[in-house]
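Me: I have a structure open and want to learn to read it feature by feature. Can we work through it together?

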Amino acid sequence: MKKYIFTFFCFLIFGFSGFSQYTITTVPDPKLTGLGFVSNPDAILNNEEIDSLNSMIQKIEDSSKAQIAVVVLQSIGNVVPKNFATELFNYWHVGDSEKNNGLLILLVMNQHRVEFETGYGIEGILSDAACYDIQQKYMIPEFKNGNYGKGMIQGVKAVVNIFLTKAEEIKPTEEMQSNNTNNLYNNNSSSENILRYSSEKDNDILIFYITFSIFAILIFFVLLFVAILKKDFFIRYQLLRIFRLYIWFILIPIPFIGIYFWVKYLTNKWRDTPRISAKTGKIMHKLSETEDDKFLKKGEIAEEAVKSVDYDVWISGEEDDILIQKYKRWFSKYNACPKCKYKTYYKVYDKVITSATYSRSGKGERLYKCTNCGFSKKITYTIPKKTRTSSSGSGSSSWSGGSSSWSSGGSSSWGGGSSGGGGAGSSW
Ligand SMILES: [Zn+2]
């Protein structure tokens, strides 16, 4: 019992005096204290680990002016780590001000949380999903085992390797130091990280494709089953209609090349199967395309003429015992007419009247017309002024210049970057 009380008191003392709760303004800025890129006020990382992190991050700064801040804190009180990371990023201004190529990695020990905060300029090459993947793959497993330094080094290494291959994209415009761009770390897992990373992306696509295929096949069989239960051949046809599209066997050749022809065969058969009149119970027969016109309205004949809709007319021989069934085309340039509602309305032309220049906007004209009722509509529209794709970028950079190494004090400030809240976090 005494032992527990002792432990408890140790914990209390340790908890209250050993670690402080940090706020944005009290986190020691390593750029000001000459400690490179790592803020480690609670000595959770050892010196060797800090050296290793600093030398990797320095390499990034030298080649692309991108900056990575590593912050390891025991506690930030009840503040949400993500919010803390965003605010600290913008308080320090991590990364170059022109390219916004900063990354802040925050570890909050008592909340068991790691956060990546990315500047606008690197969201393209280090997406939120990529941040999360790196955390899950290289950091969280180590953190769970209490290896905070190792996890941090592995995570930073993965980020650094991505940055090094994309150095040209994230570099501010005028600096040209191409010698470092392909200088990847080669110790054990590092350079494989990218390869492994991209092959896992491929895997994701494959898994998505397989899932999609299985789902499509499942839907097909469910619809087929439902269709066969139906007595009405017209409903059967409509249920499987979507699988008459040849897109299926382009997307999923196996097994849709078979299913496609099977569906064609079944639906064509169903379309031609003699109908039984609901009125008289007599067997009906289908009229030919020329015979059926006298039973169709003028608009329906117009639709058939432009092939936007196809009508089948069934008669039993009894007077007024007529069944008309409508089959819409999947793809047709004809749309429903705003006036007569038939699918006979189409775009006759779309032309430029005056073309746009860099100094003024242009004018275009579109004409729509209905082949059934003759309704037409002319629309004139404005073509926006042309814009030159800017490639100037000659603005003076606020970057201090010399790429002094971190051990000799490092550069004395962060680069001026800002974050809009990009990044991701993981708990362990
Ligand atoms: Zn019309």
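Me: Which strand does Tyr-346 lie in?

Reply: Tyr-346 lies in strand β9, residues 343-354. Keep in mind that this is a predicted model.

Me: Is Tyr-346 buried, exposed or partly exposed?

Reply: Count C-beta neighbours. A residue is buried if 20 or more other C-beta atoms lie within 10 Å of its own, and exposed if 12 or fewer. Tyr-346 has 17 C-beta neighbours inside 10 Å, so it counts as partly exposed.

Me: What does Tyr-346 touch, leaving out residues up to four places away in sequence?

Reply: Its contacts are Lys-333, Tyr-334, Tyr-368 and Lys-369. Ser-332 and Tyr-346 are 14 residues apart along the chain, and their C-alpha atoms are separated by 9.3 Å.

Me: Now the overall picture. How many helices and strands does the protein have?

Reply: There are twelve helices and twelve strands. The protein has 428 residues, and buried ones make up 30% of them. Next, consider contacts between residues at least 6 apart in sequence. Of these, 61% join residues at least 24 apart.

Me: How do I read the packing of two helices? At what angle do α5 and α6 pack?

Reply: Start with the angle between the axes. Angles under 35 degrees count as roughly parallel, and those over 145 as roughly antiparallel. Helix α5 (residues 128-144) and helix α6 (residues 148-165) pack at about 165 degrees, with axes 7 Å apart. The pair is therefore roughly antiparallel. Their crossing is right-handed.

Me: Which residues of α5 and α6 meet?

Reply: From α5 come Ile-134, Gln-135, Tyr-138, Met-139, Glu-142 and Phe-143. From α6 come Tyr-148, Lys-150, Gly-151, Met-152, Gln-154, Gly-155, Ala-158 and Val-159. By class, this contact has eight nonpolar, four polar and two charged residues.

Me: Why would contact residues in a helix be spaced that way?

Reply: An α-helix has 3.6 residues a turn, so residues three or four places apart point the same way. In α5, Ile-134, Gln-135, Tyr-138, Met-139 and Glu-142 are among the residues that meet α6.

Me: And α3 with α6: at what angle do they pack?

Reply: The angle is about 10 degrees, and the axes are 10 Å apart. That makes α3 roughly parallel to α6. The residues of α3 in this contact include Leu-53, Met-56, Ile-57 and Ile-60. They meet α6 residues that include Met-152, Ile-153, Val-156 and Val-160. The residues of this contact divide into ten nonpolar, four polar and three charged.

Me: How many residues of α6 are buried?

Reply: α6 is mostly covered, with 14 of its 18 residues buried.

Me: Which residues are buried in α11?

Reply: Phe-256, Ile-259, Tyr-260, Val-263 and Thr-267 are buried there. Check the peptide bonds as well. The bond from Ile-254 to Pro-255 is cis, with omega near 5 degrees. Pro-255 is placed in α11.

Me: How do α9 and α11 cross?

Reply: The axes of helix α9 (residues 233-240) and α11 come within 8 Å and cross at roughly 155 degrees. The two helices are therefore roughly antiparallel. Their crossing is left-handed. On the α9 side, Phe-233, Arg-236, Tyr-237 and Leu-240 make the contact. On the α11 side, Val-263, Leu-266, Thr-267, Trp-270 and Arg-271 make it. Sorted by class, the contact has six nonpolar, one polar and two charged residues.

Me: Last topic, backbone angles. Where is Ala-43, and what is its phi?

Reply: Ala-43 has phi near 55 degrees, a positive value in a residue other than glycine. Ala-43 sits in the loop between β1 (38-39) and α3 (47-64). Ala-43 is exposed, with 12 other C-beta atoms within 10 Å.

Me: Is Asn-100 buried or exposed?

Reply: Asn-100 counts as buried, with 25 C-beta neighbours inside 10 Å. Its phi is positive, about 50 degrees, although Asn-100 is not a glycine. Asn-100 lies in the loop between α4 (81-92) and β3 (102-108).

How values were computed. Residues numbered from 1 in each chain as written. Predicted model: local features only at pLDDT ≥ 70, side-chain atom pairs only at ≥ 80, totals over all residues. Axes fitted to C-alpha atoms, helices over the stretch in contact; angles between N-to-C directions. Helix = DSSP H or I, 4+ residues; strand = E, 2+ residues; numbered from the N terminus. Parallel < 35°, antiparallel > 145°, perpendicular 65-115°, else oblique. Left-handed = near helix turned anticlockwise from the far one by under 90°. Contact = placed C-beta atoms within 7 Å. Nonpolar A, V, L, I, M, F, W, Y, C, P; charged D, E, K, R; others polar.
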